[in-house]
Amino acid sequence: MGSLTLQYFSSCDLGPPLNDESILPCIKIMNLSGFHPEKFKVVKGSYLPLACYGEPRISYCITKIVPHLDCCIISPWCETRHCSSERTLSDVRRFDEVIELPLPYNALYDYNGVCFVLSSTYTDEKGVHEQLLAGANMPLYNSKKVFRHGIYELELHPLEPLGIRRLEDIERIVRDPKFDSKPVGMDQLNKIMKTNRKHTRDELFDTPLDRHTRSDAERAIEEAKRSSGRLFLSIEFQFSRNQPNLNIPVIFERREIEPLASDTRAERWNPVDEKYFKMTRSLRVADVDRKRKPNKETLDRLMGILDQPPARDLPEADSDLVWQHRFYLAEKYPEAALAKFLLAVRWEYPEQVEQAVELLHQWPVVAPEYVLELFNRQFIHLAVRRFAVLRLHAARDEELLLYLYQLVQALYYENWHDILSTPVKPMDCVATASGLNQTSQNADLAERSPQEDQADQGVENLPPNLSSPRKPVDTRNVSVRSPHSPRSHNSQSLIVEIGGRWMEALKDRWKEDLTTFLIRRALCSWPVANYLYWFLRVELDEPLSPASEMYTHVLELLQSALYQGNETQRAWYKELVRQSIFLADLLQFIHKVMDGPGDRIRKIERLHSCFKEAEFAHLKHIEEPLCLPLEPNVKVIGIDAPATNLFKSARQPVFIPFLLPSGGQYKVIFKHGDDLRRDQLVLQMIELMDVILRKENFDLKLTPYKVLATGSGHGFVQFIESQSVFDILQKGTILGFLQQNARSSTDPLGVQKEVLETYIRSCEDIDGESIRSWFLTNCVPY
């Protein structure tokens with residue numbers, strides 16, 4: 001018994017010409033029918049007898065139709081020769097010219113198309129001018145992502161009613177569905193043409209009646225075109241100039257170049273996958289999967305899959321296994337199976353998306369820490385990210401602060417178009433990364449108009465589009481840049497097509513995106529607002545980053561929400577503005593100290609003398625207590641100038657003791673010239689590790705100091721005084737040291753109970769340093 005072999009070319013394998021043999025796709029422009037010059041005599045609203053006077057010709061170019069992106073024309077305009085003077089019919093013009101597309105198959109994506117424009121000339125009192133008559137855009141791949149092959153009848157749409165008079169203006173209407181070349185309302189014509197193409201590609205078996213009906217089909221096509229009164233361009237797609245009749249299909253596939261660890265599964269479509277998933281992942285087998293229970297061997301395989309580390313895609317076999325047992329895993333292992341199940345979904349197939357969203361509605365509630373993984377670059381589907389945000393609602397402010405910086409970085413993988421299309425309410429002053437841009441109205445931030453002075457605005461006073469449905473925007477003027485242009489994974493980009501019944505979930509329960517969630521939580525908590533502000537400032541401090549514009553817009557949304565909020569929230573906004581001014585002045589002060597000549601001793605002397613200058617007197621004595629960016633619940637009233645110092649390291653960071661209203665000091669180190677984001681991440685991991693261990697009743701009494709990067713090259717570090725065990729033993733014993741610094745007359749050994757417990761826990765067999773090292777070695781990827 002013979003086997004059926006499916007032969008096809010992958011588009012990624014068909015590159016530029018090899019061995020002097022061209023493999024560029026070709027299009028034969030055959031003829032133009034339904035052309036009547038008298039229909040194009042009106043130019044700019046005026047009738048011109050000499051309009052459409054020259055012989056018609058065809059211009060063409062390669063286009064790309066990507067939602068929300070401006071650039072649609074990606075190749076120069078080319079032009080055919082004039083049509084033949086021989087006219088078989090009064091309304092038919094023949095071209096019979098074969099053109100090669102300027103790009104090879106592997107450079108043409110499924111969003112590319114070819115735009116045809118019919119043009120002529122008109123003459124007025126100023127001379128002869130080019131006249132664009134009609135045009136249309138046609139995708140190069142069909143709905144099955146197979147490169148087109150065979151004869152097509154394209155409907156050309158008049159351009160004068162659309163106000164298009166130059167080829168440069170075509171870009172404005174290319175993505176308009178009304179500019180598509182497929183004839184609308186002519187189902188019989190489209191059906192006959194599709195059947196003819198199947199015959200040409202030998203996809204249908206020949207019968208003795210075909211030779212009798214083919215001529216009737218051609219007459220039916222011509223009659224349908226003539227009776228419609230429309231303008232049609234007949235073209236034929238050919239494989240290449242040297243092999244025009246080769247009927248092997250070309251299927252769109254992307255070649256993966258240097259895939260990352262998380263890109264092991266090819267993000268591409270192929271017909272075998274589609275057929276396979278229709279059989280194994282359709283709604284018909286969902287009831288079978290719902291009742292499926294794994295045996296011991298299968299359960300061991302599932303446990304091995306769940307134990308795999310994050311940021312790793314599932315092989316196809318593991319993906320199928322997780323999908324088949326998704327209902328069982330959701331019931332028995334909801335926390336560990338959530339991310340693995342979503343990795344098993346092929347989001348390019350709508351039927352799977354519908355089933356996945358339906359199961360997410362029924363998924364047991366999991367703790368917020370189990371959904372953090374859903375904000376990485378592997379999960380860009382809108383439904384997944386909205387579901388993860390919903391689960392984050394249960395996180396307390398203390399928990400949210402543990403991973404707030406990672407959530408800010410996760411905005412990188414959000415839909416930038418949705419963020420940038422959210423308008424910002426006007427404010428009197430706005431703090432930006434470069435400092436403070438003030439208007440003439442910022443003399444008194446505390447004064448508000450009667451319309452603005454609403455005591456109960458509260459949390460609900462979000463910017464438009466954050467608390468209400470979004471208004472439609474003109475996406476032609478919005479440029480959404482790809483954050484991973486060098487990476488193959490971003491072939492999906494950050495643009496998620498909206499469609500399907502799962503959108504009802506977004507309108508009903510999953511209304512909030514990550515940006516809205518962070519701003520809403522910032523309006524409820526001053527520490528969250530403070531750290532969110534500075535984390536955003538750090539991210540937009542990279543002007544060359546493609547996400548800089550997006551982060552700038554999120555920062556403006558945060559400031560606008562605080563400024564338009566109630567009295568408390570407006571006070572928070574005012575405090576952030578004061579922090580920004582203070583940081584800018586402190587940087588100017590430190591630059592003046594460090595830029596001068598001399599060694600460390602000379603710079604320390606200059607440091608003390610600069611505090612005496614009137615220019616920096618406001619740093620030494622702060623009139624109104626200021627919340628420190630490093631610790632927003634700590635207010636300072638000035639700097640103890642004589643106690644400031646420079647450390648001996650290469651960058652010579654500045655030691656700054658801030659004065660507290662209670663009379664004490666809050667000591668910090670201000671580093672300049674160093675990127676503290678890595679230090680901030682390490683200390684954050686230690687703090688998170690301490691929280692996890694205390695939940696397991698294993699308190700190591702860790703006291704991580706605070707670190708805050710206020711820019712890409714500067715930041716604050718909390719200074720905690722310490723004394724080495726060696727120095728203590730030189731002066732006496734450790735017990736004597738504890739009795740001297742934590743004396744208690746009632747507790748055993750004369751030492752406060754909590755101090756003694758802290759010391760004992762630090763001396764256990766498994767000491768805190770070993771556990772910290774293990775966590776940083778094995779758990780940082782999490």
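How many of the 16 residues of α17 are buried? The count is 13, so helix α17 is largely enclosed by the rest of the structure. Buried here means under 20% relative accessible area, exposed means over 50%, and partly exposed lies in between, with a 1.4 Å probe and protein chains only. Helices (H or I, at least four residues) and strands (E, at least two) are DSSP runs, numbered from the N terminus.

This is a predicted model, in which local features need pLDDT of at least 70 and side-chain atom pairs count only at pLDDT 80 or more, while totals for chains, interfaces and linings use all residues. Residues are numbered from 1 along each chain as its sequence is written, and side-chain values use heavy atoms, with hydrogens and water left out.

Helix α17 covers residues 548-563, and its end C-alpha atoms are 22 Å apart. That agrees with the span of 22 Å that its 16 residues should have at 1.5 Å a residue; the expected span is 1.5 Å times one less than the number of residues.

In helix α5 (residues 296-306), the buried residues are Thr-298, Leu-302, Ile-305 and Leu-306. They cover an arc of only 95° around the axis, which puts them on the same side of α5. The arc is taken from the directions from the helix axis to the C-beta atoms. Lys-296 and Glu-297 are exposed on the other side of α5. The buried residues pack against α6 (316-324), α7 (326-332) and α8 (334-344), where contact means heavy atoms within 4.5 Å. At the start of α5, the backbone nitrogen of Glu-297 has a side-chain oxygen of Asn-295 within 3.3 Å.

**Loop residues**

Arg-148 is in the loop between β9 (127-139) and β10 (150-158). With 16% relative accessibility, Arg-148 counts as buried. Leaving aside residues up to four places away in sequence, Arg-148 touches Met-138, Pro-139, Leu-140, Tyr-141, Asn-142 and Phe-237. Its side chain reaches the backbone oxygen of Pro-139 at 2.6 Å. Such a polar contact is a pair of N or O atoms within 3.5 Å; within protein, one must be able to donate a hydrogen and the other to accept it, and residues adjacent in sequence count only if both atoms are side-chain atoms. The C-alpha atoms of Arg-148 and Pro-25 are separated by 9.9 Å, and the two residues are 123 residues apart along the chain.

Lys-44, with phi near 55°, lies between β3 (42-43) and β4 (46-47). Cys-52, with phi of about 50°, lies in the loop between β4 and β5 (57-64). Lys-44 is exposed, with a relative accessible area of 56%, whereas Cys-52 counts as buried at 5% relative accessibility.

**Salt bridges**

Side chains of opposite charge can pair when their charged atoms come close. With a salt bridge defined as a side-chain nitrogen of Lys or Arg within 4 Å of a carboxyl oxygen of Asp or Glu, the whole structure holds 31 salt bridges. The table gives some of them, with the relative accessible area of each partner.

| Residue and area | Residue and area | N to O distance |
|---|---|---|
| Asp-169, 15% | Arg-166, 49% | 3.2 Å |
| Arg-301, 41% | Asp-318, 13% | 3.3 Å |
| Glu-615, 42% | Lys-592, 37% | 3.8 Å |

In the salt bridge between Arg-301 and Asp-318, Arg-301 lies in helix α5 and Asp-318 in helix α6, so the pair ties together parts that are 17 residues apart in sequence. In the salt bridge between Glu-615 and Lys-592, Glu-615 is in the loop between α19 (600-610) and α20 (617-620) and Lys-592 is in helix α18 (residues 567-594), 23 residues apart.

**Nonpolar cores**

In soluble globular proteins, nonpolar side chains tend to be buried together. A nonpolar core is a set of buried Ala, Val, Leu, Ile, Met, Phe, Trp, Tyr and Cys residues joined through side-chain atoms within 4.5 Å. The largest nonpolar core has 123 residues, of which Leu-374 and Phe-589 touch the most other members. Helix α18 gives the most to this core, with twelve residues. Not counting residues up to four places away in sequence, Phe-589 touches Leu-607, Cys-610, Phe-611, Phe-616 and Leu-619. Another core, of 36 residues, lies apart from the largest one and has Tyr-60, Leu-101, Phe-116 and Tyr-152 among its members.
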